[in-house]
Amino acid sequence: MNRFDALVNVLHGAFPDIPVYDEKIPQHFRQPCFSVLLVSEQHTPMTNTLQQEYTVFDVRYFPPTGIPQRENCRAVAEQLKYELKAMCEERSCLLDMSYTIVDDVLHFTLDVDGYETADRDTVVDPMENLTVTVDTGKPAMGDFAKEA
């Protein structure tokens, strides 16, 4: 499971009655809802099959109307801090969490670092197609016969 899907699963588990959208929010969405935005992703090869991945997410929460929205955003942020610690898996770790509330919308930022293993079937062994050329400086047998 990739990190985006893991994050969405955590949100669905913690807030089962609140819809979670990806980057594209429908025009007439209903509140409350979440929107998960992948801000950036960086891949650094470590070995032939292992790579380090650094991912930044912005989880946006649009609170329901008719209640004190900033207070609701703060309460959701506190619950997110607790729930999102579950994202630390065997090969990934939550590096940083922070949040801001802008225009009564919660922006909860996550920095996740981890390692991914490439599928062995898609990895090409560089030694598989190795070609060795030896130049002795002497003509080959066939070339020597032509010179004579």
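Modeller: Cys93 has a relative accessible area of 37%, so this residue is partly exposed. The value lies between the 20% under which a residue is buried and the 50% over which a residue is exposed. Please bear in mind that the model is predicted. Cys93 belongs to strand β4. Although 22 residues separate Cys93 from Tyr115 in sequence, their C-alpha atoms are 9.3 Å apart in space.

Let us turn next to the pairing of strands. β2 and β3 run antiparallel and are joined by twelve bridges. Four residues lie between these two strands, which together form a hairpin. One of the bridges connects Thr44 with its partner Gln52 in β3. β3 is also paired with β5, again in the antiparallel sense and over twelve bridges. Here Leu50 has Thr117 of β5 as its bridge partner.

Ser35 is found in strand β2. Its relative accessible area is 0%, so Ser35 counts as buried. Which residues does Ser35 touch, leaving aside those up to four places away in sequence? They are Tyr21, Asp22, Glu23, Ile25, Asp58, Val59, Arg60 and Phe62. With Asp22 there is a particular contact, in which the side chain of Ser35 reaches the backbone oxygen of Asp22 at 2.9 Å.

The largest nonpolar core contains 24 residues, and Phe34, Leu80, Leu84, Leu106 and Leu110 have the most contacts inside it. Two or more of its residues come from each of the elements α1 (3-14), β2 (33-45), β3 (50-62), α2 (69-83), β4 (92-102) and β5 (105-117). The largest share belongs to α1, which gives five residues to this core. Leu80 shows how such contacts reach across the sequence: with residues up to four places away set aside, Leu80 touches Leu11, Phe15, Phe34, Leu106 and Phe108.

Across the whole structure, a search finds five aromatic pairs. In one of them, the ring centres of Phe4 and Phe57 are 6.3 Å apart and the planes meet at 50 degrees, so the pair is described as tilted. Phe4 lies in helix α1 and Phe57 in strand β3, so this pair ties together parts that are 53 residues apart in sequence. Are the two partners buried or partly exposed? Phe4 is partly exposed, with a relative accessible area of 25%, whereas Phe57 is buried at 1%.

Phe34 and Tyr61 form another tilted pair, with 5.1 Å from centre to centre and 45 degrees between the planes. Phe34 is in strand β2 and Tyr61 in strand β3, so the pair ties together parts 27 residues apart in sequence. Both of these residues are buried. Ring pairs also bring in Phe15, linking Phe15, Phe34 and Tyr61 into a cluster.

Finally, a word on confidence. The mean pLDDT of the chain is 82, and 76% of the residues score at least 70. Where pLDDT is low, predicted coordinates should not be read in detail.

Methods:
Residues numbered from 1 in each chain as written. Predicted model: local features only at pLDDT ≥ 70, side-chain atom pairs only at ≥ 80, totals over all residues. Heavy atoms only, no water. Core = buried A, V, L, I, M, F, W, Y, C linked by side-chain atoms within 4.5 Å. Buried < 20%, exposed > 50% of the residue type's maximum accessible area, 1.4 Å probe, protein only. Contact = heavy atoms within 4.5 Å. Pairing = 2+ DSSP bridges. Polar contact = N/O pair within 3.5 Å; in protein donor to acceptor, adjacent residues only side chain to side chain. pLDDT = per-residue confidence, 0-100. Phe/Tyr/Trp six-rings, centres within 6.5 Å; stacked < 30°, edge-to-face > 60°.
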